[in-house]
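Please keep the sequence and the model at hand while reading.

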Amino acid sequence: MSIWLHRISHHAEVAYPLLDNGYLSIGYSDFSKAEFIAGVCGENGGPVFEKYFDDNWGYRPRTRNNLWRFVAEMGETDMVIVPSWGTFSVYEFTEDMARPVSEIDLLEIKDWHGNLIIKKDDGLLYQAKDEGALVDLGFVRKVKLIKKDIPRYEYADSALTSRMKIRSTNADISDLQSSIEKALA
């Protein structure tokens, strides 16, 4: 079992309601296809992953490593820490594979402002208003809540508090297992 930190900042107004419905999300809607996941998680995953960026974007941004971890490294029963404003929540992945956002069942998701989010024929998420603005969330992972809104300053030790300040979207923080166990206890 690994422990991950996953920061939500991209389209947080939709990502947090998705999380409340059991889906942790990440952007990269340009690649949001089942074939992408199959290729990246296949035998030649690394080269396939890099080719998608070369072919679709023409370059390989450093931030692509966040998508790699989300799709290729995180797995079922791994824990994930999601920091928020002054708190953090702990979840467990309930499936081994990420999914394109097109594969989730959206009964009715609204953003923070109460605006309806819809899924169009291309399988991507859009604002129902604002002329159907794209919500750039391409992939999700099914999660179950372990503990929500743990106050950082009361329960996170200095090592965990420090790690929650990283700028990267996600990171393997398995080395902080004892800190997380203390916070949960």
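How many bridges pair β7 and β8, and is the pairing parallel or antiparallel? β7 and β8 pair over 3 bridges in the antiparallel sense.

## Basis of the description

The model is a predicted one, in which local features need pLDDT of at least 70 and side-chain atom pairs count only at pLDDT 80 or more, while totals for chains, interfaces and linings use all residues. Residues are numbered from 1 along each chain as its sequence is written, and side-chain values use heavy atoms, with hydrogens and water left out.

Helices (H or I, at least four residues) and strands (E, at least two) are DSSP runs numbered from the N terminus. Two strands are said to pair if DSSP finds at least two bridges between them.

## The four-stranded sheet

Strands β6, β7, β8 and β9 form an open sheet in the order β6-β7-β8-β9, with antiparallel pairing. β6 (109-110) and β9 (134-135) are the edge strands; each has a single partner strand, so one side of each is left without a neighbour in the sheet. Helix α1 (residues 12-20) packs on this sheet and touches β6, β7 (116-119), β8 and β9 (contact means heavy atoms within 4.5 Å). The direction of α1 makes about 125° with that of β8; axes are lines fitted to C-alpha atoms, for helices over the stretch in contact, and angles run from 0 to 180 degrees between N-to-C directions.

β6 and β7 pair over 2 bridges in the antiparallel sense, and I109 has I117 in β7 as its bridge partner. I117 also stands opposite Q127 in β8. Strand β8 (residues 125-127) pairs with β9 over 2 antiparallel bridges, where L125 has V135 as its bridge partner.

Two hairpins of this sheet contain a glycine with positive phi. The hairpin of β6 and β7 has 5 residues between the strands, and G114 takes a phi near 85° there. The hairpin of β7 and β8 has 5 residues between the strands, with G123 at a positive phi near 85°. The C-alpha atoms of D122 and Y59 are separated by 25 Å, and the two residues are 63 apart along the chain.

Strand β4 (residues 87-93) is mostly covered, as 6 of its 7 residues are buried. Strand β3 (residues 79-83) pairs with β4 in the antiparallel sense over 5 bridges, and P83 stands opposite F88 in β4. Their hairpin has 3 residues between the strands, and in this hairpin G86 takes a positive phi near 75°.

β4 is also joined to β10 by 6 bridges, and these strands run antiparallel. V90 has K147 in β10 as its bridge partner. D149 lies in strand β10 (residues 139-151) and has a positive phi of about 55° although it is not a glycine. At 42% relative accessibility, D149 counts as partly exposed.

Which residues of α1 are buried? They are A12, E13, V14, A15, Y16, P17, L18 and L19. With 8 of its 9 residues buried, α1 is largely enclosed by the rest of the structure. G22, which follows α1, has a positive phi near 90°.

In helix α4 (residues 64-73), the buried residues are R64, N66, L67, R69, F70 and V71. Their cover includes β1 (3-6), β2, α2, α3 (45-56), β10 and β11 (170-172).

## The largest pocket

The largest pocket holds about 300 Å³ of space. Of its 19 lining residues, H10, I26, G27, Y28 and T169 are the closest to its centre. On a 1 Å grid over the protein atoms alone, a pocket is an open set of points where a 1.4 Å probe fits, with protein on both sides within 12 Å along at least five of seven lines; lining residues have an atom within 4 Å of a point. Grid points are joined across faces, edges and corners, and the volume is the space filled by probe spheres set on the points.

Y28 is found in the loop between β2 (23-26) and α2 (34-40). Y28 is buried, with a relative accessible area of 13%, and its phi is near 60°, a positive value in a residue other than glycine.

Key
Buried < 20%, exposed > 50% of the residue type's maximum accessible area, 1.4 Å probe, protein only.
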